[in-house]
Amino acid sequence: METPRKTTGPRPAFVLDSRQAWIRLALALVIGSIGSVGMWSVVVVLPVVQAEFGASRGTASLAFTMAMLGFGLGGVATGKLTDRFGIVAAIGSGVLLIGLGYAAAGLSAAQWQFNLMHFVIGVGASATFGPLMAAVSHWFERYRGLAVTISASGNYLGGALWPPLVNWSTQTYGWRATHLAIGAFCVVAMTLTLIVLRARMRAAAPQTAAAAPAPRIDLQLGTNTLTVILCVASIACCVAMAMPQVHIVAYCGDLGYGVARGAEMLSLMLAFGIVSRIGSGYLADRIGGIPTLLIGAVAQGAALLFYLFFDSLPSLYVISAMFGLFQGGIVPAYAIIVREAMPAREAATRVGLVILASVVGMSLGGWISGVIFDATGSYAAAFLNGIAWNAVNVTIVTALWLRSRRRGGGARVAVA
């Protein structure tokens, strides 16, 4: 008796906010958590690498600057790759670069080589942040803000988990062996997770940008104009954000508390940042991305003020937790605003541009804080510098908020 041939029918249409969307989001969170190591490992090993190569604090801080520049420039490139070929292709290229970058960093013979390899690491890691947020935004409508911030929380979840592990491994096996191990782990773990995500995405007909929901608000600004405004605001906020995130480990070492305590504070800061990111997504689904961004920016400035007045060990733990809780939702809010006010077909590229601006701010903030420390012998002036930049961000976002209230929202933005 002939066995009936199995026929393969059309794939079912993908449904926004469905169980399948949440499964994809969970896999995206895993990928983002692993890939974010490139942003945080350099902060932990900064004092050790500086000592081995005999570099100044400013020169050693350039490793973080290079990682962030790679992260930003790579975000634009992988964003375009995502808009054209999909998120799987973008992340696949990122995995390769992360593995190569960490292997080469572990074998570096000079500080400049170590710094340069962190540019490669940053480019690889970029695919796991901005482009991933843009891809996730196409899978949700009702819970878009929450989903985008959960995806972005991979960056902070990795920041909470990686620093203690990197510090332990560095103390036990040395920073070189640690970098080689990180590269190998990332390649294996991220590749396996990406295979599962690809299978999940192929199980249903793709949700294309053309079929994605239209923008929710109309600021009566050209897309390019709004992109520039968001980029300037993002630079300002991230110069301020970089001061504690990049230098808290070194700051604790200078105060005599030890780099291990600083690594713990960084982990605590980023753990509370996860709470902030998810909470800001929940808030953005109710009040919108612009008001959510404004709340975060004002709160970040308040937290920076506390660093100026308190430097005891218990107070630094508390302030670091506050800082993470206040600022964690800021960067994802920019991605939410892009999806609320710009065409979906450009989402990954536009988010990539804004993320580029944010990492330019982080790079500038991380580097200039080191330079200010070298010039003054303390971080007090660096904290004041961060507060001033944060005020610029608050001013810009306040203007956007007032404009959105006058316009009252709309269906589409003008395209420049």
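Glu141 is partly exposed, with a relative accessible area of 25% (buried means under 20%, exposed over 50% and partly exposed in between, using a 1.4 Å probe and protein chains only). Welcome to a predicted model, in which local features need pLDDT of at least 70, side-chain atom pairs count only at pLDDT 80 or more, and totals for chains, interfaces and linings use all residues. Residues are numbered from 1 along each chain as its sequence is written, and side-chain values use heavy atoms, with hydrogens and water left out.

**View A. Glu141 and Arg144 form a salt bridge.** Here the N to O distance is 2.7 Å; a salt bridge is a side-chain nitrogen of Lys or Arg within 4 Å of a carboxyl oxygen of Asp or Glu. Arg144 is buried, at 2% relative accessible area. The structure holds three salt bridges.

**View B. Glu52 meets Arg176 in a salt bridge.** The N to O distance is 2.9 Å. Glu52 sits in helix H2 (residues 37–53) and Arg176 in helix H8 (residues 175–202), so the pair ties together parts 124 residues apart in sequence. Helices (H or I, at least four residues) are DSSP runs, numbered from the N terminus. Glu52 is partly exposed at 42%, and Arg176 is partly exposed at 27%.

**View C. Arg261 and Glu264 pair up in a salt bridge.** Their closest N and O atoms are 2.7 Å apart. Both residues belong to helix H10 (residues 259–287), where being three residues apart separates them by about one helical turn. Glu264 has a relative accessible area of 36%, and Arg261 has 29%.

Methods: Helices (H or I, at least four residues) and strands (E, at least two) are DSSP runs, numbered from the N terminus.
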